[in-house]
Amino acid sequence: MSASLAIETKDLGRIYKLRGSKKETRKELIALQDVNLTVERGELFGLLGPNGAGKTTLIKVLTTLLSPTSGWARVAGADVHAEPEAVRPRINMVSGGESSGYGLLTVKENLWMFSQFYGVPSKEANERIEALLEMVGLKDRMHTKSSDLSTGLRQKMNIVRGFLTEPEVLFLDEPTLGLDVGAMRDVRRFILDWLKADKERTLLLTTHYMAEADELCDRVAIINKGRVLACDRPSVLKQRLQKDALFEIEVSPLNGLTQQMLVDQAEVTKAAISETEKGAKLSLSLVEESALARIINLFTQKDVKVMNLNKREPTLEDVFVDLVGRSMAEEESNGQP
Amino acid sequence: MDSPNPRSLAALRPYTHKNTGWRLFVSTILARAYPRIIGQQREVSWLVFDLIMPMLAVIAYVFVYRALNAPEEYIGFVVMGGAMTAFWMNILWSMSSQLYWEKEQGNLALYIMAPNSMMAILLGMALGGMLATALRALVVTLLGIFLFGVTYAVSSYVQLFLVFMLAMVALYGMGMMMASAFLLFGREAWHMANLAQEPIFLASGFYFPIKSLPFWVAAGASIIPLTLGMDAMRQLVFATGFQFGFLTVQTEIIILAVLSVVFVVTAKVMLGYIEKIAVREGRITESRR
């Protein structure tokens with residue numbers, strides 16, 4: 001493994017044996033399959049995919065919490081399965097919506113406790129806790145019991161927990177899940193400040209917020225059903241769609257209009273439908289803009305009213321649709337475990 | 001969030017030093033003990049569960065013994081049993097189930113992922129539980145003196161300290177072992193603990209000397225460290241000495257020492273096994289599979 005690599009996986013796989021009744025044959029769930037990734041030191045790397053895609057499983061393997069069933073993975077130069085004790089001092093992880101720590105302890109006490117598990121000298125830990133809490137805007141609540149914090153403030157405490165131990169490689173699993181817009185912005189800014197302070201620090205972020213990945217990540221891997229479908233800089237991934245014209249159309253109730261009907265139209269390369277309160281939102285990828293006329297004709301036949309129509313630049317969501325054939329929301333509602 | 005000021009930026013610099021080895025082991029024990037020693041005192045419900053409830057049982061037994069004209073030492077035996085009840089309840093319902101709750105809360109994964117030893121986490125839980133419970137036991141003992149005029153005549157402070165410490169090590173060693181078992185067997189272990197609570201109150205002689213029980217019942221109950229611990233302490237702190245004792249204090253010290261080693265070593269082995277299957281099967285750190 002190159003010394004410049006923070007993370008490297010080779011043909012990494014993980015199969016879960018699902019528990020059921022004793023009489024039933026045990027079913028298997030392929031959570032990861034042939035995952036090959038490299039993350040450079042100093043990189044902010046994003047893992048994008050719907051719920052159940054395998055992102056959290058991959059993080060668990062990389063953080064030594066789960067052994068792979070095939071292939072191997074190295075983090076900070078050490079094999080996660082063979083040498084977990086070499087990996088653990090150099091990593092940390094924060095998950096979105098986690099409820100770690102003890103509600104009877106204050107924010108500062110909880111953070112101090114976790115810092116001790118990593119051997120941070122007590123005095124230095126206390127100083128660092130105060131400074132980090134100040135950075136995330138939580139210093140005035142440091143003597144509040146963590147059970148009295150709102151979800152957003154609690155997540156800020158969790159974020160500080162992850163950064164407090166100064167990991168070489170930090171794993172953030174959906175860190176902004178459930179946060180309001182202001183708190184999300186705070187967390188993202190904090191992440192970038194932390195990375196800027198030391199060029200050797202590496203951060204692996206999983207998210208299903210495409211805009212978040214686009215804004216933050218140097219490179220992203222798009223993962224679905226346990227497989228990495230693409231891995232590159234966001235701009236490069238989006239460039240692959242530049243040849244198509246992308247339209248977003250809001251329509252009144254669909255009146256039987258289906259995704260297949262849209263795809264069947266000439267020069268329509270991709271189509272996705274997501275239901276909204278007022279009707280539905282269609283995302284279309286067209287070879288030529290002129291194909292839009294045929295789409296409008298189809299709407300007329302189906303008595304579907306157009307409420308809004310926008311031509312837009314491609315996003316990572318479009319890249320996902322291009323790779324998978326469905327939007328992330330559709331993929332999630334497709335019954336992934 | 002404001003722009004980072006120079007002090008905040010200093011907070012982003014790497015540490016120059018981190019504790020490893022035995023220093024990390026000790027800091028982990030102390031840190032994990034902290035929520036139990038400090039945090040638990042903030043939950044005033046302990047006054048009801050750890051003080052008032054045991055005292056009600058003590059009061060009931062005191063009235064029964066006085067009505068039967070039992071020797072006055074029995075009042076002291078009951079008060080000591082009431083004080084030690086706090087330790088047994090702590091083991092059965094707090095220590096044993098702790099890893100299970102740590103898993104449900106998401107702490108267990110963080111403990112396993114950290115560079116500390118899981119044994120240090122368990123020892124911290126044990127130390128914290130022991131110290132927090134010692135406060136409750138002390139209050140019950142003082143209430144016994146105040147309410148019932150119990151008098152103590154300690155024959156050997158050294159032996160008393162030794163017996164108490166060995167009983168605590170063996171008891172919390174057993175608690176550490178049970179914590180791993182609870183995690184492995186989940187709710188089934190819960191039912192077992194429920195089932196064990198009352199019979200153990202009886203067989204371990206919390207409210208009477210176990211000498212009154214048939215020999216083999218008392219011998220069987222000796223697997224619970226509090227059985228011999230209480231028997232030896234009763235011999236050492238009351239004037240009756242060996243008169244109501246099951247075995248001699250020296251024999252009980254040896255057995256308690258053996259139990260301490262067996263339980264702590266078994267806890268370590270079970271914990272290693274738990275960690276192994278946690279990583280292999282992924283079912284210890286998450287409940288959905």
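Select S7, H6 (residues 181–197) and S8 of chain A: together they make a right-handed β-α-β unit. Right-handed means that, with the strands pointing away from the viewer, the path from the first strand over the helix to the second runs clockwise. Helices (H or I, at least four residues) and strands (E, at least two) are DSSP runs, numbered from the N terminus.

This is a predicted model: local features need pLDDT of at least 70, side-chain atom pairs count only at pLDDT 80 or more, and totals for chains, interfaces and linings use all residues. Residues are numbered from 1 along each chain as its sequence is written, and chains are lettered from A in the order in which they are written.

Five of its five residues are buried, so the strand is largely enclosed by the rest of the structure. Buried means 20 or more other C-beta atoms within 10 Å of the residue's own, with C-beta atoms placed from the backbone. Val169(A), Phe171(A) and Asp173(A) cover one side; Leu170(A) and Leu172(A) lie on the other.

S6(A), residues 91–95, runs parallel to S7(A), joined by five bridges. S8(A), residues 202–207, also pairs with S7(A) in the parallel sense, over five bridges. Pairing takes at least two DSSP bridges. Centre on Leu172(A): Val94(A) stands opposite in S6(A), and Leu205(A) is its bridge partner in S8(A).

Finally, show chain B. Here 42 residues of chain B are in contact (C-beta atoms, placed from the backbone, within 7 Å) with 42 residues of chain A. Colour H2(B): the largest share of this side, eight residues, comes from there.

Key:
A residue is buried if 20 or more other C-beta atoms lie within 10 Å of its own, exposed if 12 or fewer, and partly exposed in between; C-beta atoms are placed from the backbone. Two residues are in contact if their C-beta atoms, placed from the backbone, lie within 7 Å.
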